[in-house]
Every structure is written in structure tokens, then in C-alpha cells.
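Please look over the sequence and the model shown here.

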Amino acid sequence: YTDPTDNPLFRERLLHELVHFAQHASGAYARFDCPAQGEFDAYRLGGIYLRQLGVADPLPGRMVWMRRCSAC
């Protein structure tokens, strides 16, 4: 991709970080038991996004990572 914003994998990573931004901005982050809990939604939405585009997920064990990275 000439422009990284055309790359669906770049956009998925951007979406991941935007989820964290929304968690902080909405105050949801303050209600988490630990900072890692925000990872579950960020990984989940990224997977949904890639699936909707029909793009192969570069993280084949996404469900495992969602659970592992969001554990306190």
C-alpha cells in the first residue's frame, strides 16, 4: 500500500488504539479492575472489523490473546 491508511491492517491497529481512547474519554477505563481489561474490547472489535472486510486476521489466536491480554 502506498498510503498506510489504505492498508486494512493499519486501520485495524488504529481502531484498536481508538477503542482505548474512547475508553479513557468515556470514563470506562477508570472502572476497570486493572488497565489490561480494556484490551478485550480493542482486540474483539479489531477482529470483527477484519472479518467484515474479509481480510485474513494476522492474529490467528485472537480469542486467546483477548483473554490473555485482558487478564488482571
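**How the helices pack**

Helices α1 and α3 cross in a right-handed way; a crossing is right-handed if the near helix is turned clockwise from the far one by less than a right angle, and left-handed if anticlockwise. Helices here are DSSP runs of H or I with at least four residues, numbered from the N terminus. The two axes come within 9 Å and cross at roughly 145°, where axes are lines fitted to C-alpha atoms over the stretch in contact and angles run from 0 to 180 degrees between N-to-C directions.

This is a predicted model, in which local features need pLDDT of at least 70 and side-chain atom pairs count only at pLDDT 80 or more, while totals for chains, interfaces and linings use all residues. Residues are numbered from 1 along each chain as its sequence is written, and side-chain values use heavy atoms, with hydrogens and water left out.

Helix α1 covers residues 8-26. Its 19 residues, at 1.5 Å a residue, should span 27 Å, and its end C-alpha atoms are 26 Å apart, which agrees; the expected span is 1.5 Å times one less than the number of residues. After α1 comes glycine 27, with a positive phi near 90°.

Which residues of α1 are buried? They are Pro8, Glu12, His16, Val19, His20 and Gln23, buried meaning under 20% relative accessible area and exposed over 50%, with partly exposed in between (1.4 Å probe, protein chains only). These residues cover an arc of only 145° around the axis, which puts them on the same side of α1; the arc is that of the directions from the helix axis to the C-beta atoms. Phe21 and Ala25, on the other side of α1, are exposed. The buried residues of α1 pack against α2 (28-31), α3 (38-53) and α4 (62-70), contact meaning heavy atoms within 4.5 Å.

Helix α4 has the buried residues Arg62, Met66 and Ser70. Seen down the axis of α4, they fall within an arc of 50°, so they line one face of the helix. On the other side of α4, Arg67 and Arg68 are exposed. The buried residues of α4 pack against α1 and α3.

Why does arginine 62 count as buried? Its relative accessibility is 7%. Leaving out residues up to four places away in sequence, arginine 62 touches Glu12, Tyr43, Gly46, Gly47, Leu50 and Asp57.

Conventions: Helices (H or I, at least four residues) and strands (E, at least two) are DSSP runs, numbered from the N terminus.
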